[in-house]
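Subject: Structure handover

Hello,

Here is the structure I said I would pass on. My notes on it come after the model.

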Amino acid sequence: MSHHYDVVVLGAGIVGAACALEFTQAGMRVAVVERGVIGGEATAAGMGHIVVMDDSPAQFALTRYSQLLWAELAPTLPENIEYDRCGTLWIAQNEEEMPELQRKYIYYQSLGVPVQILDSSGLTEAEPNLSTSLVGALLVPEDAVLYSPAAALFMVQCAQKMGAKLYLEKTVVRAGESEVLLDDATMLRTDRIVNAMGASASTVTPDLPIRKRKGHLIITDRYPGFCRHQMVELGYLTSAHSVTSDSVAFNLQPRRTGQLLLGSSRQFDVDNGFVDRSIVKAMVERAQRFIPKLSSLSALRIWTGFRVATPDHLPLIGAIQGDASMFVAVGHEGLGITTSLATAHLLLDQFLERTSIIPLDPYSPSRFSVTEAHA
Ligand SMILES: Cc1cc2nc3c(=O)[nH]c(=O)nc-3n(C[C@H](O)[C@H](O)[C@H](O)COP(=O)(O)OP(=O)(O)OC[C@H]3O[C@@H](n4cnc5c(N)ncnc54)[C@H](O)[C@@H]3O)c2cc1C
């Protein structure tokens, strides 16, 4: 059987789901193909922190754009998505880290992001369970948290209500040249294909410069009121940048349920999803430097997931050279939940050949040559 669409989205993680909704809202005939559960892979493993990051100007532009899109969408989100604008506290451990905190403050403020510096006593007031030895923090009040698998499901269901077709429990075996072949021999014909298959994207679009980066997360029992903000150590980026060794950084999130979600670790070139006890120990020890009382809390579950990283830590959003029908939306690393909405907007801008709110070039797949892809 053959079917014709304007766009076929491959994968219903948060990125594919956001694309499906955005394209359907624009009046396109959309199909989404998902081999498993909607939002069941990296999207289910992620922390759901909607965060503005300034690793590079392009990362800042994409995360801020998307954070604002989430804020716009927030009033329409059902309760089970647990969207909570709790803000982020970037915490400085010692005086040596204060210049970086000041730099971040000036950068965010100069680009219109509300920010506030808290001194040691302000920090204790904001989060009484933090160690009193910490010297200060940058508060970014417009950052938020949400439950990402529920967000992905909601977006796909909204798209379906507006006419999008969902091919669930179907695996894409081949895609390109305006055709998508599923494992049950269904052939979808389409003007455009968006590969949003996360860590599996290379199975239908070879030579993508992506690598998996494993992460561990720990969720505790319910401790309502234990903390109010997402708390991240200021040295987080040092950990995020390490490409040669395993790294951990303090990252703690309050959930609506009263549970605490503790991250985070990063490991390259580990393919198995097993929980590594030495990594978990390092994460907990690191977190206890910031919150000594954590040792008295119980953990309920530990899991792992894979971020999909590119060499420059920016996603691949756009056309694939040599096939006018083929687009990708992958490589969002640890920010795909945050940047999913902006990704969908940027792709739609490309389809409609209209100017985007932020420049597209930094995310264009063509910035990498095939040689780099194989490096
Ligand atoms: C530990 C951890 C913490 C994180 N924390 C955050 C955070 O706080 N904030 C943030 O913004 N991001 C975070 N991330 C990153 C975020 O989770 C990812 O960037 C995001 O979920 C990627 O979404 P995706 O849709 O691209 O991929 P996925 O969610 O992996 O979706 C891809 C989908 O494609 C489907 N698929 C694959 N192959 C096929 C095929 N052949 N046929 C059909 N379907 C197929 C899969 O089943 C899957 O559902 C974190 C990630 C990890 C691992």
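The model is a predicted one, so please read the values as computed from it.

Domain 1 puts 11 residues into the contact, and domain 2 puts in 10. On the domain 1 side, the touching residues are six polar, four nonpolar and one charged.

Helices H1 and H9

Helix H1 covers residues 14–25 and helix H9 covers residues 336–352. Their axes lie 8 Å apart, at an angle of about 35°, and the crossing is right-handed. From H1 the contact uses Ile14, Val15, Ala18, Cys19, Glu22 and Phe23. From H9 it uses Gly336, Ile337, Ser340, Leu341, Thr343, Ala344, His345, Leu347 and Leu348. Sorted by class, this contact has 10 nonpolar residues, four polar ones and one charged one.

How much of H1 is covered? Of its 12 residues, 11 are buried. These are Ile14, Val15, Gly16, Ala17, Ala18, Cys19, Ala20, Leu21, Glu22, Phe23 and Thr24. Note that Glu22 is both in this buried set and in the contact with H9. Just after H1 comes Gly27, with a positive phi of about 90°.

Helix H6

H6 runs over residues 148–161. Its 14 residues should span 20 Å at 1.5 Å a residue, and its end C-alpha atoms are 20 Å apart, which agrees. Because 10 of those 14 residues are buried, H6 is largely enclosed by the rest of the structure. The buried residues are Ser148, Pro149, Ala150, Ala151, Ala152, Leu153, Phe154, Met155, Val156 and Ala159. What do they pack against? Their partners are H1, strand S2 (30–34), helix H2 (42–45), strand S8 (165–168) and H9. After H6 comes Gly163, which has a positive phi near 115°.

Thr43 sits in helix H2. With 28 other C-beta atoms within 10 Å, Thr43 is buried; the cut-off for that is 20 or more. Leaving out residues up to four places away in sequence, Thr43 touches Gly13, Ile14, Ser148, Pro149, Ala152 and Ile337. Ile14 is 29 residues from Thr43 along the chain, yet their C-alpha atoms are separated by 6.0 Å. Ile14 also belongs to the H1 side of the contact with H9, and Ile337 to the H9 side. Ser148, Pro149 and Ala152 are among the buried residues of H6.

Thr338 is placed in H9 and is buried too, with 30 other C-beta atoms within 10 Å. Apart from residues up to four places away in sequence, Thr338 touches Ile50, Val51, Thr63, Ser66 and Gln67. Thr338 and Leu69 are 269 residues apart in sequence, and their C-alpha atoms are 9.5 Å apart in space.

Backbone points to check by eye

Which peptide bond is cis? The bond from Gly263 to Ser264 is, with omega near -10°. Ser264 belongs to strand S15, residues 259–268.

Glu177 is not a glycine but has a positive phi of about 50°. Glu177 lies in the loop between strand S9 (172–176) and strand S10 (179–182). Is Glu177 buried or exposed? It is exposed, with 11 other C-beta atoms within 10 Å.

Glu353 also has a positive phi, near 55°, in a residue other than glycine. Glu353 falls in the loop between H9 and helix H10 (370–374). Having 6 C-beta neighbours inside 10 Å, Glu353 counts as exposed.

Regards

Note on methods. Residues are numbered from 1 along each chain as its sequence is written. This is a predicted model: local features need pLDDT of at least 70, side-chain atom pairs count only at pLDDT 80 or more; totals for chains, interfaces and linings use all residues. Axes are lines fitted to C-alpha atoms, for helices over the stretch in contact, and angles run from 0 to 180 degrees between N-to-C directions. Helices (H or I, at least four residues) and strands (E, at least two) are DSSP runs, numbered from the N terminus. A crossing is left-handed if the near helix is turned anticlockwise from the far one by less than a right angle, and right-handed if clockwise. Two residues are in contact if their C-beta atoms, placed from the backbone, lie within 7 Å. Ala, Val, Leu, Ile, Met, Phe, Trp, Tyr, Cys and Pro count as nonpolar, Asp, Glu, Lys and Arg as charged, and the others, Gly among them, as polar. The expected span of a helix is 1.5 Å times one less than its number of residues.
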